[in-house]
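Let's take a friendly walk through this model, stopping at a few places along the way. Please keep the structure open beside you as you read.

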Amino acid sequence: MLGKMMDFQLTIPVVMRHAARIHGDTEIVSKLADGSLHRYRYADAFKRAAKLAGALEKLGVKQGDVIGTLAWNSYRHFELYYGIPGVGAVCHTINPRLSDEQFDFVLNDAEDQWVFVDADFLPLMSRLADKFKTVKGYVVLCDEEAMPAHELPNVYCYETLLAEQSGEFDWPELEENQACGICYTSGTTGNPKGVVYSHRSTVLISLTANTSSSVGMLPEDSLLAVVPMFHVNAWNIPYAGAMAGAKMVFPGRFMGDGQALAELMNAERVRFASGVPTVWLALLQYLRESNTKLETVERLMVGGAATPLALMQAFEEEQGIFMQQGWGMTETSPLGTMNMPTPSMMAMEKDEQFALRKTVGRPTFGIEVRIVDDALNEMPWDGKSPGSFQVRGPWVCSQYLGIEKADAHTEDGWFDTGDIAVIDSKGYVSITDRSKDVIKSGGEWISSADLENAVMAHDKVLEAAAIGVYHPKWSERPLLIVVSKPGEEVSEQELKDFLETQVTRWWIPESILFTTELPHTATGKISKKDLREQYRDFSYEG
Ligand code: AMP
(Lines give C-alpha, C1' and ligand atoms only; values in the text may rest on other atoms or scores of the structure.)
Protein backbone atom coordinates (compact mmCIF):
# COMPACT_ATOMS: atom_id res chain seq x y z
CA MET A 1 0.00 0.00 0.00
CA LEU A 2 1.25 3.47 -0.77
CA GLY A 3 0.96 6.30 1.71
CA LYS A 4 -1.79 8.74 0.98
CA MET A 5 0.01 11.98 1.54
CA MET A 6 0.41 14.94 -0.78
CA ASP A 7 3.18 14.80 -3.28
CA PHE A 8 4.53 18.13 -2.08
CA GLN A 9 7.86 19.08 -3.61
CA LEU A 10 10.59 20.23 -1.24
CA THR A 11 11.94 23.26 -3.05
CA ILE A 12 13.66 26.52 -2.16
CA PRO A 13 10.59 28.63 -3.07
CA VAL A 14 8.78 26.79 -0.26
CA VAL A 15 11.38 28.13 2.18
CA MET A 16 11.00 31.58 0.67
CA ARG A 17 7.19 31.59 0.91
CA HIS A 18 7.33 30.47 4.52
CA ALA A 19 9.95 33.01 5.60
CA ALA A 20 8.26 35.87 3.73
CA ARG A 21 4.84 35.14 5.23
CA ILE A 22 5.72 34.00 8.74
CA HIS A 23 8.98 35.82 9.43
CA GLY A 24 8.60 38.77 7.07
CA ASP A 25 9.55 41.27 9.78
CA THR A 26 12.81 39.56 10.73
CA GLU A 27 15.90 41.57 9.91
CA ILE A 28 18.81 40.88 7.59
CA VAL A 29 21.84 43.06 8.34
CA SER A 30 24.85 43.33 6.03
CA LYS A 31 28.16 45.07 6.44
CA LEU A 32 28.95 46.84 3.18
CA ALA A 33 32.31 47.42 1.57
CA ASP A 34 32.49 51.00 2.97
CA GLY A 35 31.95 49.67 6.49
CA SER A 36 28.37 50.95 6.81
CA LEU A 37 25.44 48.64 7.62
CA HIS A 38 22.53 47.84 5.35
CA ARG A 39 19.38 46.53 7.00
CA TYR A 40 16.04 45.36 5.73
CA ARG A 41 13.61 42.53 6.41
CA TYR A 42 12.88 39.11 4.97
CA ALA A 43 9.74 40.48 3.29
CA ASP A 44 11.90 43.08 1.48
CA ALA A 45 14.50 40.46 0.54
CA PHE A 46 11.96 38.17 -1.07
CA LYS A 47 10.25 41.03 -2.88
CA ARG A 48 13.65 41.81 -4.37
CA ALA A 49 14.25 38.11 -5.13
CA ALA A 50 11.04 38.30 -7.21
CA LYS A 51 12.42 41.36 -9.00
CA LEU A 52 15.63 39.46 -9.60
CA ALA A 53 13.59 36.58 -11.04
CA GLY A 54 11.99 39.04 -13.47
CA ALA A 55 15.42 40.38 -14.39
CA LEU A 56 16.74 36.87 -15.00
CA GLU A 57 13.81 36.21 -17.30
CA LYS A 58 14.59 39.44 -19.15
CA LEU A 59 18.20 38.32 -19.58
CA GLY A 60 16.85 35.16 -21.22
CA VAL A 61 17.73 32.78 -18.38
CA LYS A 62 15.98 29.42 -18.73
CA GLN A 63 15.42 26.55 -16.34
CA GLY A 64 18.61 24.56 -15.92
CA ASP A 65 20.89 27.47 -16.89
CA VAL A 66 23.86 27.88 -14.58
CA ILE A 67 24.36 31.35 -13.12
CA GLY A 68 27.64 32.16 -11.37
CA THR A 69 27.99 34.32 -8.28
CA LEU A 70 31.27 35.85 -7.19
CA ALA A 71 30.43 37.75 -4.07
CA TRP A 72 30.95 38.21 -0.34
CA ASN A 73 28.27 37.47 2.24
CA SER A 74 25.62 40.14 1.88
CA TYR A 75 21.92 40.76 1.32
CA ARG A 76 22.33 40.81 -2.46
CA HIS A 77 24.01 37.42 -2.41
CA PHE A 78 21.14 36.23 -0.20
CA GLU A 79 18.68 37.37 -2.89
CA LEU A 80 20.65 35.41 -5.50
CA TYR A 81 20.43 32.32 -3.25
CA TYR A 82 16.63 32.46 -3.69
CA GLY A 83 16.01 34.21 -7.01
CA ILE A 84 18.25 31.97 -9.12
CA PRO A 85 16.97 28.57 -7.90
CA GLY A 86 13.47 30.05 -7.72
CA VAL A 87 13.30 30.41 -11.51
CA GLY A 88 14.68 26.87 -11.93
CA ALA A 89 18.22 28.01 -12.73
CA VAL A 90 21.28 26.78 -10.87
CA CYS A 91 23.32 29.02 -8.57
CA HIS A 92 27.04 28.34 -8.99
CA THR A 93 28.84 30.04 -6.12
CA ILE A 94 32.44 30.76 -7.12
CA ASN A 95 35.29 31.07 -4.66
CA PRO A 96 37.17 34.35 -5.32
CA ARG A 97 40.39 32.83 -3.99
CA LEU A 98 40.71 30.34 -6.85
CA SER A 99 43.77 30.50 -9.05
CA ASP A 100 43.31 31.87 -12.60
CA GLU A 101 43.43 28.34 -14.04
CA GLN A 102 40.83 27.12 -11.58
CA PHE A 103 38.55 30.07 -12.48
CA ASP A 104 38.66 29.18 -16.17
CA PHE A 105 38.13 25.58 -15.33
CA VAL A 106 35.09 25.95 -13.05
CA LEU A 107 33.27 28.54 -15.16
CA ASN A 108 33.71 26.50 -18.32
CA ASP A 109 33.02 23.17 -16.64
CA ALA A 110 29.76 24.40 -15.12
CA GLU A 111 28.92 26.30 -18.34
CA ASP A 112 27.99 29.50 -16.52
CA GLN A 113 25.72 31.74 -18.62
CA TRP A 114 25.85 34.91 -16.52
CA VAL A 115 27.99 35.89 -13.57
CA PHE A 116 26.75 38.15 -10.77
CA VAL A 117 29.82 39.85 -9.30
CA ASP A 118 30.61 42.21 -6.46
CA ALA A 119 32.07 45.41 -7.91
CA ASP A 120 35.55 44.68 -6.55
CA PHE A 121 35.71 41.41 -8.51
CA LEU A 122 34.95 43.00 -11.90
CA PRO A 123 38.65 43.64 -12.70
CA LEU A 124 39.31 39.95 -12.04
CA MET A 125 36.54 38.99 -14.45
CA SER A 126 37.86 41.44 -17.07
CA ARG A 127 41.29 39.86 -16.85
CA LEU A 128 39.97 36.34 -17.37
CA ALA A 129 36.90 36.93 -19.54
CA ASP A 130 38.53 35.80 -22.81
CA LYS A 131 38.82 32.30 -21.47
CA PHE A 132 35.15 31.92 -20.51
CA LYS A 133 33.41 30.00 -23.28
CA THR A 134 29.77 30.18 -22.20
CA VAL A 135 29.42 33.44 -20.26
CA LYS A 136 27.01 35.86 -21.97
CA GLY A 137 27.54 38.76 -19.59
CA TYR A 138 27.97 40.07 -16.07
CA VAL A 139 25.72 41.73 -13.53
CA VAL A 140 27.49 43.93 -11.01
CA LEU A 141 26.05 43.83 -7.50
CA CYS A 142 25.81 47.55 -6.86
CA ASP A 143 23.80 50.62 -7.80
CA GLU A 144 24.39 52.81 -10.81
CA GLU A 145 26.62 55.34 -9.00
CA ALA A 146 28.95 52.62 -7.78
CA MET A 147 29.38 50.93 -11.18
CA PRO A 148 33.11 50.48 -11.79
CA ALA A 149 34.74 51.36 -15.10
CA HIS A 150 35.23 48.30 -17.30
CA GLU A 151 35.82 47.17 -20.85
CA LEU A 152 33.70 44.06 -20.82
CA PRO A 153 30.71 43.64 -23.12
CA ASN A 154 27.23 42.98 -21.66
CA VAL A 155 27.71 44.33 -18.20
CA TYR A 156 24.57 45.30 -16.29
CA CYS A 157 23.98 47.02 -12.99
CA TYR A 158 22.06 44.86 -10.51
CA GLU A 159 20.04 47.68 -8.95
CA THR A 160 19.09 49.09 -12.36
CA LEU A 161 17.88 45.67 -13.50
CA LEU A 162 15.83 45.28 -10.33
CA ALA A 163 14.39 48.79 -10.55
CA GLU A 164 12.81 47.89 -13.91
CA GLN A 165 10.82 45.06 -12.31
CA SER A 166 7.51 45.27 -10.46
CA GLY A 167 8.26 42.53 -7.92
CA GLU A 168 5.26 40.52 -9.07
CA PHE A 169 6.63 37.27 -10.40
CA ASP A 170 4.86 34.09 -11.28
CA TRP A 171 7.31 31.58 -9.81
CA PRO A 172 7.35 28.30 -11.80
CA GLU A 173 6.42 24.96 -10.25
CA LEU A 174 9.68 23.11 -9.68
CA GLU A 175 10.55 19.49 -9.11
CA GLU A 176 12.43 18.82 -5.90
CA ASN A 177 15.14 16.82 -7.67
CA GLN A 178 16.04 19.72 -9.96
CA ALA A 179 19.49 21.18 -9.36
CA CYS A 180 19.51 24.38 -7.31
CA GLY A 181 23.23 24.97 -6.73
CA ILE A 182 26.75 23.98 -7.66
CA CYS A 183 29.86 24.25 -5.53
CA TYR A 184 33.28 23.03 -6.56
CA THR A 185 35.54 21.05 -4.25
CA SER A 186 38.71 22.74 -3.10
CA GLY A 187 40.77 20.83 -5.65
CA THR A 188 43.73 19.94 -3.44
CA THR A 189 44.50 17.23 -6.00
CA GLY A 190 43.78 17.74 -9.71
CA ASN A 191 40.97 19.96 -10.97
CA PRO A 192 38.13 20.96 -8.67
CA LYS A 193 35.03 18.80 -9.06
CA GLY A 194 31.49 20.17 -9.32
CA VAL A 195 29.05 19.04 -6.65
CA VAL A 196 25.44 19.63 -7.68
CA TYR A 197 22.88 20.20 -4.93
CA SER A 198 19.19 19.62 -5.50
CA HIS A 199 16.28 21.57 -4.03
CA ARG A 200 15.34 18.46 -2.06
CA SER A 201 18.83 17.86 -0.64
CA THR A 202 19.11 21.52 0.34
CA VAL A 203 15.71 21.65 2.04
CA LEU A 204 16.35 18.38 3.88
CA ILE A 205 19.76 19.40 5.20
CA SER A 206 18.41 22.80 6.25
CA LEU A 207 15.59 21.07 8.15
CA THR A 208 18.12 18.85 9.89
CA ALA A 209 20.34 21.82 10.70
CA ASN A 210 17.36 23.28 12.54
CA THR A 211 16.95 20.35 14.89
CA SER A 212 18.34 20.90 18.35
CA SER A 213 20.60 17.86 18.07
CA SER A 214 22.32 19.56 15.14
CA VAL A 215 22.79 23.33 14.81
CA GLY A 216 19.38 24.27 16.21
CA MET A 217 18.45 27.78 15.10
CA LEU A 218 15.54 29.60 16.71
CA PRO A 219 13.09 32.28 15.62
CA GLU A 220 14.43 35.69 16.68
CA ASP A 221 17.93 34.21 17.01
CA SER A 222 20.66 36.43 15.65
CA LEU A 223 23.06 34.52 13.41
CA LEU A 224 26.33 35.68 11.94
CA ALA A 225 27.35 33.68 8.87
CA VAL A 226 31.12 34.16 8.72
CA VAL A 227 31.46 31.02 6.66
CA PRO A 228 31.51 32.37 3.11
CA MET A 229 28.46 32.17 0.87
CA PHE A 230 30.78 31.08 -1.94
CA HIS A 231 31.55 27.85 -0.12
CA VAL A 232 28.96 25.06 0.29
CA ASN A 233 25.98 27.40 0.61
CA ALA A 234 27.47 29.01 3.73
CA TRP A 235 26.67 25.73 5.48
CA ASN A 236 23.00 26.37 4.51
CA ILE A 237 22.58 29.12 7.09
CA PRO A 238 20.81 31.36 4.53
CA TYR A 239 18.18 28.64 4.09
CA ALA A 240 18.04 27.10 7.55
CA GLY A 241 18.01 30.52 9.23
CA ALA A 242 15.14 31.64 7.02
CA MET A 243 13.17 28.48 7.82
CA ALA A 244 13.62 29.16 11.52
CA GLY A 245 12.96 32.88 11.23
CA ALA A 246 16.32 33.90 12.63
CA LYS A 247 17.86 37.33 12.09
CA MET A 248 20.74 37.04 9.64
CA VAL A 249 23.93 39.07 9.90
CA PHE A 250 26.39 39.13 6.99
CA PRO A 251 29.96 40.43 7.43
CA GLY A 252 30.60 41.27 3.76
CA ARG A 253 34.28 41.30 2.92
CA PHE A 254 35.23 41.60 6.61
CA MET A 255 35.06 37.90 7.40
CA GLY A 256 38.75 37.64 8.32
CA ASP A 257 38.79 40.86 10.35
CA GLY A 258 38.59 40.15 14.09
CA GLN A 259 37.70 43.71 15.04
CA ALA A 260 34.89 44.02 12.48
CA LEU A 261 33.45 40.66 13.55
CA ALA A 262 33.54 41.56 17.24
CA GLU A 263 31.86 44.91 16.61
CA LEU A 264 29.18 43.33 14.46
CA MET A 265 28.54 40.62 17.04
CA ASN A 266 28.05 43.07 19.87
CA ALA A 267 26.07 45.63 17.87
CA GLU A 268 23.67 43.08 16.37
CA ARG A 269 23.31 40.98 19.56
CA VAL A 270 24.58 37.86 17.75
CA ARG A 271 23.92 34.63 19.66
CA PHE A 272 25.32 32.13 17.20
CA ALA A 273 28.00 32.33 14.52
CA SER A 274 29.62 29.88 12.13
CA GLY A 275 33.06 29.80 10.57
CA VAL A 276 36.31 27.92 9.96
CA PRO A 277 39.00 27.77 12.69
CA THR A 278 41.15 30.46 11.01
CA VAL A 279 38.51 33.17 11.44
CA TRP A 280 37.95 32.27 15.09
CA LEU A 281 41.71 32.44 15.65
CA ALA A 282 41.73 35.96 14.18
CA LEU A 283 38.75 36.93 16.33
CA LEU A 284 40.33 35.54 19.49
CA GLN A 285 43.54 37.43 18.84
CA TYR A 286 41.63 40.69 18.47
CA LEU A 287 39.55 40.05 21.60
CA ARG A 288 42.71 39.45 23.61
CA GLU A 289 44.61 42.44 22.26
CA SER A 290 41.72 44.84 22.72
CA ASN A 291 40.40 43.31 25.91
CA THR A 292 36.95 43.05 24.34
CA LYS A 293 34.12 40.90 25.62
CA LEU A 294 31.54 39.37 23.28
CA GLU A 295 28.36 40.26 25.11
CA THR A 296 25.72 38.06 23.54
CA VAL A 297 27.42 35.20 21.68
CA GLU A 298 26.58 31.82 23.22
CA ARG A 299 27.82 29.40 20.60
CA LEU A 300 30.39 29.43 17.84
CA MET A 301 30.11 26.68 15.29
CA VAL A 302 33.40 25.61 13.80
CA GLY A 303 34.32 23.12 11.11
CA GLY A 304 35.85 22.73 7.69
CA ALA A 305 39.25 21.91 9.21
CA ALA A 306 40.51 20.45 12.47
CA THR A 307 39.81 22.79 15.37
CA PRO A 308 42.64 23.23 17.87
CA LEU A 309 41.49 22.24 21.34
CA ALA A 310 43.32 25.30 22.69
CA LEU A 311 40.98 27.51 20.65
CA MET A 312 37.88 25.90 22.14
CA GLN A 313 39.29 26.19 25.63
CA ALA A 314 40.26 29.81 25.15
CA PHE A 315 36.78 30.84 23.98
CA GLU A 316 35.22 29.03 26.90
CA GLU A 317 37.58 30.32 29.58
CA GLU A 318 38.03 33.87 28.32
CA GLN A 319 34.62 34.57 26.80
CA GLY A 320 32.25 31.96 28.27
CA ILE A 321 31.38 30.83 24.75
CA PHE A 322 30.70 27.23 23.81
CA MET A 323 32.54 26.34 20.64
CA GLN A 324 30.94 23.39 18.90
CA GLN A 325 32.70 21.46 16.20
CA GLY A 326 31.17 19.80 13.17
CA TRP A 327 32.53 17.89 10.23
CA GLY A 328 31.47 18.16 6.64
CA MET A 329 32.64 18.54 3.09
CA THR A 330 31.46 20.04 -0.18
CA GLU A 331 30.20 16.62 -1.19
CA THR A 332 28.07 16.29 1.97
CA SER A 333 26.36 19.68 1.56
CA PRO A 334 28.27 19.94 4.12
CA LEU A 335 26.61 18.88 7.41
CA GLY A 336 27.77 15.39 8.37
CA THR A 337 28.51 15.30 12.07
CA MET A 338 27.96 17.80 14.86
CA ASN A 339 29.17 17.98 18.42
CA MET A 340 26.24 19.46 20.31
CA PRO A 341 26.41 19.79 24.07
CA THR A 342 24.40 17.08 25.83
CA PRO A 343 23.45 16.97 29.52
CA SER A 344 25.90 14.12 30.20
CA MET A 345 28.72 16.00 28.44
CA MET A 346 28.06 19.13 30.45
CA ALA A 347 28.13 17.14 33.68
CA MET A 348 31.63 15.80 32.96
CA GLU A 349 34.86 17.03 34.51
CA LYS A 350 36.49 19.58 32.19
CA ASP A 351 39.26 17.27 30.97
CA GLU A 352 36.86 14.52 30.08
CA GLN A 353 34.47 17.02 28.52
CA PHE A 354 37.13 18.54 26.28
CA ALA A 355 38.33 15.09 25.24
CA LEU A 356 34.83 14.55 23.87
CA ARG A 357 34.43 18.05 22.50
CA LYS A 358 37.56 17.86 20.41
CA THR A 359 35.91 15.09 18.37
CA VAL A 360 33.77 16.21 15.43
CA GLY A 361 30.68 14.88 17.18
CA ARG A 362 28.10 12.38 16.05
CA PRO A 363 26.42 11.87 12.68
CA THR A 364 23.44 14.15 12.33
CA PHE A 365 20.15 12.46 11.52
CA GLY A 366 20.07 11.50 7.84
CA ILE A 367 23.77 10.73 7.53
CA GLU A 368 24.99 7.19 8.04
CA VAL A 369 28.68 6.57 8.59
CA ARG A 370 31.12 3.68 8.70
CA ILE A 371 34.86 3.15 8.96
CA VAL A 372 36.44 0.44 6.83
CA ASP A 373 39.81 -1.11 6.04
CA ASP A 374 41.19 -1.39 2.50
CA ALA A 375 39.05 -4.49 1.81
CA LEU A 376 35.91 -2.62 2.97
CA ASN A 377 35.68 -4.64 6.20
CA GLU A 378 34.01 -2.53 8.86
CA MET A 379 36.26 -1.48 11.71
CA PRO A 380 34.95 -1.55 15.28
CA TRP A 381 33.59 1.61 16.93
CA ASP A 382 36.03 1.32 19.82
CA GLY A 383 37.53 4.81 19.77
CA LYS A 384 40.93 3.53 18.66
CA SER A 385 40.73 1.56 15.39
CA PRO A 386 41.23 3.91 12.45
CA GLY A 387 39.59 3.33 9.09
CA SER A 388 38.50 5.10 5.93
CA PHE A 389 35.53 7.26 6.82
CA GLN A 390 32.57 6.64 4.51
CA VAL A 391 29.13 8.22 4.54
CA ARG A 392 25.77 8.02 2.80
CA GLY A 393 22.56 10.00 2.96
CA PRO A 394 20.12 12.19 1.03
CA TRP A 395 22.49 15.18 0.85
CA VAL A 396 25.64 13.25 -0.07
CA CYS A 397 26.91 13.65 -3.64
CA SER A 398 26.17 10.68 -5.89
CA GLN A 399 28.04 11.92 -8.99
CA TYR A 400 30.22 14.87 -9.83
CA LEU A 401 29.20 17.27 -12.58
CA GLY A 402 30.23 15.96 -15.98
CA ILE A 403 31.93 12.87 -14.58
CA GLU A 404 29.95 9.77 -15.46
CA LYS A 405 30.84 7.81 -12.37
CA ALA A 406 31.58 9.38 -9.04
CA ASP A 407 34.95 7.73 -8.68
CA ALA A 408 35.04 8.12 -4.91
CA HIS A 409 32.07 5.80 -4.57
CA THR A 410 32.35 2.26 -3.31
CA GLU A 411 30.66 -0.61 -5.11
CA ASP A 412 28.12 -0.84 -2.31
CA GLY A 413 27.05 2.78 -2.51
CA TRP A 414 29.04 4.62 0.14
CA PHE A 415 30.91 7.85 -0.44
CA ASP A 416 34.55 7.65 0.54
CA THR A 417 35.34 10.96 2.21
CA GLY A 418 39.11 10.58 1.94
CA ASP A 419 39.30 11.12 5.70
CA ILE A 420 40.63 8.64 8.23
CA ALA A 421 38.60 8.43 11.41
CA VAL A 422 38.07 6.55 14.62
CA ILE A 423 34.58 6.27 16.12
CA ASP A 424 33.79 5.53 19.74
CA SER A 425 31.02 3.29 21.05
CA LYS A 426 28.59 6.24 21.31
CA GLY A 427 29.20 7.33 17.72
CA TYR A 428 31.60 10.24 18.36
CA VAL A 429 33.87 10.58 15.34
CA SER A 430 37.49 11.79 15.48
CA ILE A 431 39.11 12.70 12.17
CA THR A 432 42.72 11.65 12.50
CA ASP A 433 43.87 12.51 8.98
CA ARG A 434 43.13 12.96 5.31
CA SER A 435 44.02 9.62 3.72
CA LYS A 436 46.73 11.24 1.63
CA ASP A 437 48.13 13.12 4.62
CA VAL A 438 48.59 10.20 7.00
CA ILE A 439 52.03 9.77 8.44
CA LYS A 440 53.07 6.16 8.66
CA SER A 441 56.13 5.69 10.81
CA GLY A 442 57.53 2.16 10.91
CA GLY A 443 54.11 0.91 9.80
CA GLU A 444 52.24 2.72 12.60
CA TRP A 445 49.98 5.69 12.00
CA ILE A 446 50.68 9.04 13.56
CA SER A 447 47.72 11.38 13.45
CA SER A 448 48.85 14.69 11.98
CA ALA A 449 45.67 16.29 13.35
CA ASP A 450 46.48 15.18 16.91
CA LEU A 451 50.10 16.27 16.60
CA GLU A 452 49.08 19.72 15.33
CA ASN A 453 46.51 20.02 18.07
CA ALA A 454 49.07 19.11 20.68
CA VAL A 455 51.62 21.71 19.64
CA MET A 456 48.96 24.39 19.23
CA ALA A 457 48.14 24.03 22.91
CA HIS A 458 51.46 25.82 23.57
CA ASP A 459 50.79 29.50 24.38
CA LYS A 460 53.39 30.82 21.96
CA VAL A 461 52.16 28.85 18.93
CA LEU A 462 49.78 30.46 16.47
CA GLU A 463 49.47 27.78 13.79
CA ALA A 464 51.14 24.47 13.03
CA ALA A 465 51.08 21.73 10.43
CA ALA A 466 52.56 18.25 10.37
CA ILE A 467 53.59 16.41 7.21
CA GLY A 468 55.23 13.06 6.68
CA VAL A 469 58.77 13.14 5.26
CA TYR A 470 61.05 10.36 4.15
CA HIS A 471 63.10 8.60 6.81
CA PRO A 472 65.55 5.82 5.88
CA LYS A 473 64.76 3.70 8.93
CA TRP A 474 61.07 4.38 9.63
CA SER A 475 60.17 5.11 5.97
CA GLU A 476 58.32 8.18 7.17
CA ARG A 477 58.56 10.49 10.16
CA PRO A 478 56.58 13.61 11.03
CA LEU A 479 57.95 17.08 10.40
CA LEU A 480 56.23 19.92 12.25
CA ILE A 481 56.16 23.38 10.77
CA VAL A 482 55.19 26.06 13.25
CA VAL A 483 54.22 29.73 13.14
CA SER A 484 54.71 31.41 16.49
CA LYS A 485 52.42 34.15 17.77
CA PRO A 486 53.36 37.71 16.80
CA GLY A 487 56.07 39.01 19.14
CA GLU A 488 56.71 35.59 20.70
CA GLU A 489 59.82 33.48 20.36
CA VAL A 490 59.87 29.81 21.07
CA SER A 491 62.66 27.28 20.54
CA GLU A 492 62.51 23.85 18.96
CA GLN A 493 63.59 22.26 22.24
CA GLU A 494 60.90 24.08 24.19
CA LEU A 495 58.25 22.68 21.86
CA LYS A 496 59.71 19.18 22.00
CA ASP A 497 59.68 19.29 25.81
CA PHE A 498 56.11 20.50 25.69
CA LEU A 499 55.08 17.73 23.28
CA GLU A 500 56.46 15.16 25.72
CA THR A 501 53.61 16.17 28.03
CA GLN A 502 51.03 15.93 25.27
CA VAL A 503 51.64 12.91 23.02
CA THR A 504 53.30 9.54 23.08
CA ARG A 505 57.07 9.89 22.77
CA TRP A 506 57.58 8.23 19.38
CA TRP A 507 55.21 10.72 17.78
CA ILE A 508 57.51 13.65 18.58
CA PRO A 509 59.18 14.80 15.37
CA GLU A 510 62.96 14.82 15.20
CA SER A 511 62.69 18.29 13.64
CA ILE A 512 60.41 21.23 14.19
CA LEU A 513 60.85 24.08 11.73
CA PHE A 514 59.61 27.64 12.04
CA THR A 515 58.08 29.83 9.37
CA THR A 516 56.20 33.13 9.26
CA GLU A 517 53.19 31.86 7.33
CA LEU A 518 51.66 28.54 6.29
CA PRO A 519 50.16 28.13 2.81
CA HIS A 520 46.33 28.07 2.77
CA THR A 521 43.86 26.80 0.17
CA ALA A 522 41.12 28.93 -1.36
CA THR A 523 38.82 27.89 1.48
CA GLY A 524 41.30 28.92 4.18
CA LYS A 525 42.60 25.48 5.10
CA ILE A 526 46.27 24.71 5.47
CA SER A 527 47.42 23.36 2.12
CA LYS A 528 49.41 20.22 2.90
CA LYS A 529 50.01 19.80 -0.81
CA ASP A 530 51.85 23.15 -1.00
CA LEU A 531 53.62 22.47 2.26
CA ARG A 532 54.92 19.11 1.02
CA GLU A 533 56.10 20.89 -2.11
CA GLN A 534 57.86 23.60 -0.05
CA TYR A 535 59.65 21.03 2.12
CA ARG A 536 60.28 18.58 -0.70
CA ASP A 537 64.04 18.68 -0.16
CA PHE A 538 63.83 18.06 3.55
CA SER A 539 64.71 14.53 4.64
CA TYR A 540 65.77 12.86 7.82
CA GLU A 541 69.17 11.20 8.13
CA GLY A 542 69.16 7.55 9.15
P1 AMP B 1 35.76 20.89 1.76
O2 AMP B 1 35.07 20.02 0.79
O3 AMP B 1 36.68 21.88 1.15
O4 AMP B 1 34.78 21.53 2.70
O5 AMP B 1 36.72 19.97 2.65
C6 AMP B 1 36.24 18.86 3.35
C7 AMP B 1 37.33 18.30 4.21
O8 AMP B 1 37.66 19.22 5.27
C9 AMP B 1 36.93 17.03 4.94
O10 AMP B 1 37.00 15.89 4.12
C11 AMP B 1 37.94 17.02 6.08
O12 AMP B 1 39.20 16.52 5.65
C13 AMP B 1 38.10 18.48 6.41
N14 AMP B 1 37.27 18.81 7.57
C15 AMP B 1 36.06 19.36 7.60
N16 AMP B 1 35.64 19.55 8.87
C17 AMP B 1 36.62 19.08 9.68
C18 AMP B 1 36.81 18.99 11.10
N19 AMP B 1 35.92 19.47 11.95
N20 AMP B 1 37.95 18.43 11.55
C21 AMP B 1 38.89 17.96 10.70
N22 AMP B 1 38.78 18.05 9.35
C23 AMP B 1 37.66 18.60 8.84
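A crossing is left-handed if the near helix is turned anticlockwise from the far one by less than a right angle, and right-handed if clockwise. Helix 1 crosses helix 3 in the left-handed sense. This is a predicted model, in which local features need pLDDT of at least 70 and side-chain atom pairs pLDDT 80 or more, while totals for chains, interfaces and linings use all residues. Residues are numbered from 1 along each chain as its sequence is written, and side-chain values use heavy atoms, without hydrogens and water.

Let's stay with this pair. Helix 1 (residues 12–22) and helix 3 (residues 75–86) have axes 9 Å apart and pack at about 130°. The axes are lines fitted to C-alpha atoms over the stretch in contact, with angles from 0 to 180 degrees between N-to-C directions. Contact (heavy atoms within 4.5 Å) involves Ile12, Pro13, Val15 and Met16 of helix 1 and Tyr81, Tyr82, Pro85 and Gly86 of helix 3.

Next, find Gly54 in helix 2 (residues 42–58). Helices are DSSP runs of H or I with at least four residues, strands runs of E with at least two, both numbered from the N terminus. Gly54 is buried, at 6% relative accessibility; buried means under 20% relative accessible area, exposed over 50%, partly exposed in between (1.4 Å probe, protein chains only). Its C-alpha atom is 6.4 Å from that of Phe169, 115 residues apart along the chain.

Finally, Ser198 belongs to strand 9 (residues 194–198) and is also buried, at 14%.
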